[in-house]
Amino acid sequence: MKILIQNGRIVDPASGRDEPGDVAIAAGRIVALGTVSPDFHPNRTLDASGLVVAPGLVDLAARLREPGHEHEGMLESEMAAAVAGGVTSLVCPPDTDPVLDEPGLVEMLKFRARNLNLAHLYPLGALTRNLGGDTLTEMAELTEAGCVGFSQAESACRDTLVLHRALQYAATFGYTVWLRANDAWLGNGVAAKGPLATRLGLSGVPVIAETIALNTIFELVRDTGARVHLCRLSSAAGIELVRRAKAEKLPISCDVSVNHLHLIDVDIGYFNAAMRLTPPLRQQRDRDAIRAALGDGTIDALVSDHTPVDADAKNLPFAEAEPGATGLELLLGLALKWGEESGATLPATLATITQRPVAVLGAALGSLGASAGRLVEGGVADLCLFDPASRWTVQPQALRSQGKHTPFSGYELPGRVRATLVAGQLAYEAERAEAR
Amino acid sequence: MLSKRNPQLNAQGELIHLLSIEGLPRAVLTQILDTAGSFLSVNEREVKKVPLLRGKSVFNLFFENSTRTRTTFEIAAKRLSADVINLDIARSSTAKGESLLDTIANLSAMHADMFVVRHSESGAPYLIAQHCAPHVHVVNAGDGRHAHPTQGLLDMYTIRHYKRDFTGLTVAIVGDIVHSRVARSDIHALTTLGVPEIRAVGPKTLVPGDLREMGVRVCHDMAEGIRGADVIIMLRLQNERMSGAMLPSAGEFFKNYGLTPEKLALAKPDAIVMHPGPINRGVEIHSAVADGAQSVILPQVTFGIAVRMAVMSIIAGNNA
């Protein structure tokens with residue numbers, strides 16, 4: 001299959017390229033970028049006039065719900081949601097049921113994903129068996145099966161001795177450990193501690209739940225030299241600690257979710273369970289710090305934190321409702337919205353969901369490392385074509401994800417995805433991307 | 001997407017549910033208190049009934065046990081001539097695994113006109129109000145730590161009965177404020193009615209500093225908290241909080257924050273002592289105070305019936 005994309009605005013944050021041009025794709029790879037020889041005879045031509053031709057998006061946190069939570073999401077539905085959102089590579093956390101602590105499970109997941117031929121899937125393995133925080137998993141075996149790192153997902157490792165050893169062991173082989181900074185005891189509430197939680201009578205998670213955990217992790221990193229990726233920061237104080245740790249050259253990186261980039265605790269309103277998220281939404285000053293830190297690079301990547309939740313689990317009193325929101329199809333729009341509001345250039349905005357998450361993954365990407373999240377001749381053709389001028393309204397029932405719950409229902413977002421190519425195949429196509 | 005409008009008011013600003021005192025205009029609170037005053041005489045008659053809710057079905061849905069509150073709602077509804085159905089959900093449907101909204105859908109199909117809801121989770125009555133049929137009214141009879149609006153209103157009725165005017169008062173609320181839905185409802189009501197000084201008194205584990213954001217003065221010293229007060233509202237200390245990480249013991253709590261005749265002497269001579277009940281003698285309040293001349297704990301209970309009659313009759317008369 002040869003595809004020619006014509007008259008697009010080619011934007012590649014990694015190389016700094018931002019210019020009009022054409023892209024030629026053959027045998028799954030980009031064979032020409034910018035100017036395409038007239039000798040190239042495509043099977044399909046896509047008219048990209050008015051569209052941005054960007055690298056496929058890379059999402060470091062998307063729950064696909066398989067295995068174990070198929071009533072909330074299936075690989076088919078969630079991978080279809082990914083490509084509809086322009087996402088061509090995604091990392092899934094290990095908190096499935098059973099958890100991803102056995103190589104066989106990881107191989108099965110990778111196999112199922114490969115057969116669907118939609119986005120590339122990079123699972124995180126469980127750091128400890130059953131995420132129990134007691135016994136290390138077979139990290140080398142899991143890496144061979146396709147894991148790109150090891151994580152405790154939302155189950156905090158209560159035992160510092162186990163966490164210390166897990167980091168020592170991971171550091172031995174150069175594996176990255178993905179941790180959410182949340183103290184197991186202080187971090188149990190359902191909303192951020194503050195005036196809103198006090199007024200509504202919701203149990204609050206104090207900022208120190210995040211900062212105490214961060215300080216512990218940093219000490220363990222200093223001692224072990226392990227590389228740690230911090231998932232979903234939520235507070236201004238936490239970001240300040242990360243900033244200092246980075247200045248100290250600790251081998252750390254971090255991400256933040258689209259939810260925390262745009263929302264605050266006040267959005268909970270009258271107990272709106274769509275705002276029941278992990279970590280809980282914090283205050284205005286925390287959101288301001290998150291937005292600034294994503295801009296200045298203290299925060300490495302923006303993630304969707306995609307978590308499909310079914311209606312039965314959401315239509316409950318706030319504290320009993322399952323945390324999480326659908327996000328894969330909103331990642332691009334919410335990133336662009338932040339870019340517009342903060343004055344970031346289009347390439348800088350796209351970098352937070354392409355080049356920068358790829359840098360977090362680093363060598364774990366293997367053969368795709370040279371081309372994921374960027375546009376290079378000879379590289380794997382993962383592309384996202386979107387219309388930067390079009391605006392669309394988030395309608396939960398129109399989402400492809402099985403998860404319909406989103407805090408952004410009714411929001412108008414910029415940037416409609418017109419086509420997504422994964423390894424040179426059209427994985428998603430809205431009608432208007434067709435050449436006429 | 002949820003509407004931003006206060007879900008307890010209709011487009012005309014009339015009360016259709018009572019979910020929380022927060023966000024209710026002063027006029028609505030005053031209307032309820034005035035109406036309660038007119039019902040007080042009904043309770044003293046030979047025939048204690050008025051026909052305002054005749055033919056209406058009031059369902060008492062208690063997802064959390066509370067004999068006392070349920071009984072006062074039942075009496076209030078019956079004195080308004082409603083048919084009252086008590087459902088002890090804590091021991092029936094949810095124990096069989098039925099979801100909250102399925103329970104509500106089933107009861108709505110039985111043509112309920114009003115749900116009186118007690119639930120252990122903050123916000124549960126909001127969920128019910130959003131999902132029940134438009135003609136059904138919801139009264140929050142206590143949800144988690146969030147609100148207990150009828151208790152707040154009966155406290156306001158009691159204060160107005162004894163003090164007449166709210167605008168010169170100092171009110172001290174003492175004890176476990178952080179876990180108390182009564183305290184939250186009282187604070188919102190007192191603020192709305194114009195009380196200039198509201199003090200929250202207790203140790204830092206039970207009275208955290210961020211309560212200041214609700215417009216109260218936080219006092220960790222009992223003497224400072226009740227000195228010169230016109231009204232002292234003592235809160236019940238739940239058994240499970242009497243020892244543990246919140247407090248070392250009930251005895252030590254009483255020593256520091258229990259209301260004794262000596263401490264009461266620091267308040268104004270005509271100060272009244274209130275308590276939502278049931279009281280723990282010797283834990284938050286000394287028997288000599290609970291049974292003393294300044295205690296209005298039993299009148300609170302009497303006023304509570306009239307206030308609940310007022311709330312039910314007002315919301316039943318307003319359409320969504």
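Chain B contains 11 helices and nine strands, where helices (H or I, at least four residues) and strands (E, at least two) are DSSP runs numbered from the N terminus. The structure is a predicted model, in which local features need pLDDT of at least 70 and side-chain atom pairs count only at pLDDT 80 or more, while totals for chains, interfaces and linings use all residues. Residues are numbered from 1 along each chain as its sequence is written, and chains are lettered from A and ligands numbered from 1 in the order in which they are written.

The C-alpha trace of chain B spans about 55 × 45 × 40 Å along its principal axes. For 320 residues, a compact globule would have a radius of gyration near 20 Å, and the 19 Å of chain B agrees with this; the radius is taken over C-alpha atoms, and the globule rule is 2.2 Å times the number of residues to the power 0.38. Of the 320 residues of chain B, 49% count as buried. A residue is buried if 20 or more other C-beta atoms, placed from the backbone, lie within 10 Å of its own, exposed if 12 or fewer, and partly exposed in between.

Within chain B, strand β3 (residues 114-119) pairs with β4(B) in the parallel sense over five bridges, pairing being assigned if DSSP finds at least two bridges between two strands. In this pair, B:Val117 stands opposite B:Asn140 of β4(B). Together with helix α4 (residues 124-131) of chain B, the strands β3(B) and β4(B) make a right-handed β-α-β unit; with the strands pointing away from the viewer, the path from the first strand over the helix to the second runs clockwise. Seven of the seven residues of strand β4 (residues 137-143) of chain B are buried, so this strand is largely enclosed by the rest of the structure.

Chain A has 13 helices and 19 strands. Its C-alpha atoms fill a box of roughly 65 × 50 × 45 Å, taken along the principal axes. Of the 436 residues of chain A, 58% count as buried.

At the interface, 20 residues of chain A are in contact with 24 residues of chain B, contact requiring C-beta atoms, placed from the backbone, within 7 Å. Helix α5 (residues 195-200) of chain A supplies the largest share of the side of chain A that touches chain B, four residues. That side divides into nine nonpolar, eight polar and three charged residues. Ala, Val, Leu, Ile, Met, Phe, Trp, Tyr, Cys and Pro count as nonpolar, Asp, Glu, Lys and Arg as charged, and the others, Gly among them, as polar.

Note on methods: Two residues are in contact if their C-beta atoms, placed from the backbone, lie within 7 Å.
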